[in-house]
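Good morning. I will take a few minutes to go through one structure, and I will keep to what can be computed from it.

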Amino acid sequence: MSRPAAPVKGRAGRLARMLPSTGPSSAARTPFVLLVVLLLGGGLITLLLLNSALNEGSFRLSKLKRETTELTDEQQALQRDVDSYSQPGALERRARELGMVPGGSPAFLNPDGTVRGVPTTATAPPPSASPSPSADADADPDAAPSPGATPAGVAQADATDDGTPPAAPGALSLIPI
């Protein structure tokens, strides 16, 4: 007959109570350990996907900023072009190229229909003595005439009886006030 094991006393007894026993309790820990591993793995995968999405958004944001900078530069260049074409000197030069002449003093219409000021017809200033591109075209008969040039016979035929050129269409400046 064997005797039951006597409980260990002292220091050895305390150590024995601290150590886990190899009984049915170790099997109960396996599902808990698997749950912890699955939660940690799921968390890491979620962090990886979130980081990838943030990086993709960062790349898209930098691309959009670059496009915005390019479009802003283009808009500023176009605005500079518009400003240079809107300057009075540039407008006058383009108007003269199109055959327009200064309008003279304007006349104004009052609300009651009366005219304030004296309307005058616009007359072309005398041609300048400097050589023009049309003078070069007269030297070469095969060259095409410049867009603003008029044949000499037409200018004489359009003159009025007193020798002044006719008024240009729209030369009368009437501005309602």
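Predicted model: local features only at pLDDT ≥ 70, side-chain atom pairs only at ≥ 80, totals over all residues.

Residues are numbered from 1 along each chain as its sequence is written, and side-chain values use heavy atoms, with hydrogens and water left out.

Now the layout. The protein has five helices and three strands; helices here are DSSP runs of H or I with at least four residues, strands are runs of E with at least two, and both are numbered from the N terminus. Along the sequence the pattern reads α-α-α-β-β-α-α-β.

How much of the protein is buried? Of its 177 residues, 3% are buried. Buried means under 20% relative accessible area, exposed means over 50%, and partly exposed is in between, with a 1.4 Å probe and protein chains only. The accessible surface comes to about 15,400 Å², and carbon and sulfur atoms account for 64% of that. These areas come from the Shrake-Rupley method with a 1.4 Å probe, and for residues only the protein chains shown count as cover.

As for contacts, meaning heavy atoms within 4.5 Å, consider those with a separation of 6 or more: 44% of them join residues 24 or more positions apart.

Next, the patch. Phe-32, Val-33, Leu-35, Val-36, Val-37, Leu-39 and Leu-40 form a nonpolar patch on the surface, and together they have about 690 Å² of accessible area. Patch residues have over 30% relative accessible area and no salt bridge; like charges are joined within 9 Å, and nonpolar side chains (Val, Leu, Ile, Met, Phe, Trp, Tyr) within 5 Å.

On to the salt bridges. How many are there in the whole structure? A search finds three, where a salt bridge is a side-chain nitrogen of Lys or Arg within 4 Å of a carboxyl oxygen of Asp or Glu.

One pairs Arg-96 with Glu-92, at 3.2 Å from N to O. These two are four residues apart in helix α3, residues 88–97, and therefore about one helical turn separates them. Arg-96 is partly exposed at 41%, and Glu-92 is partly exposed at 43%.

Glu-97 has a salt bridge with Arg-93, at 3.7 Å from N to O, and another with Arg-94, where the closest N and O atoms are 3.2 Å apart. Arg-93 is four residues from Glu-97 in helix α3, about one helical turn. Arg-94 is three residues from Glu-97 in that helix, again about one turn. Glu-97 is partly exposed at 41%, Arg-93 at 46% and Arg-94 at 44%.

Last, the loop. Which residues does Val-101 touch, apart from neighbours within four places in sequence? Val-101 is in contact with Ala-122, Thr-123, Ala-124 and Pro-125. Val-101 is in the loop between α3 and β1, the latter being residues 107–109. Its C-alpha atom is 6.8 Å from that of Ala-122, which is 21 residues away along the chain. With a relative accessible area of 26%, Val-101 is partly exposed.
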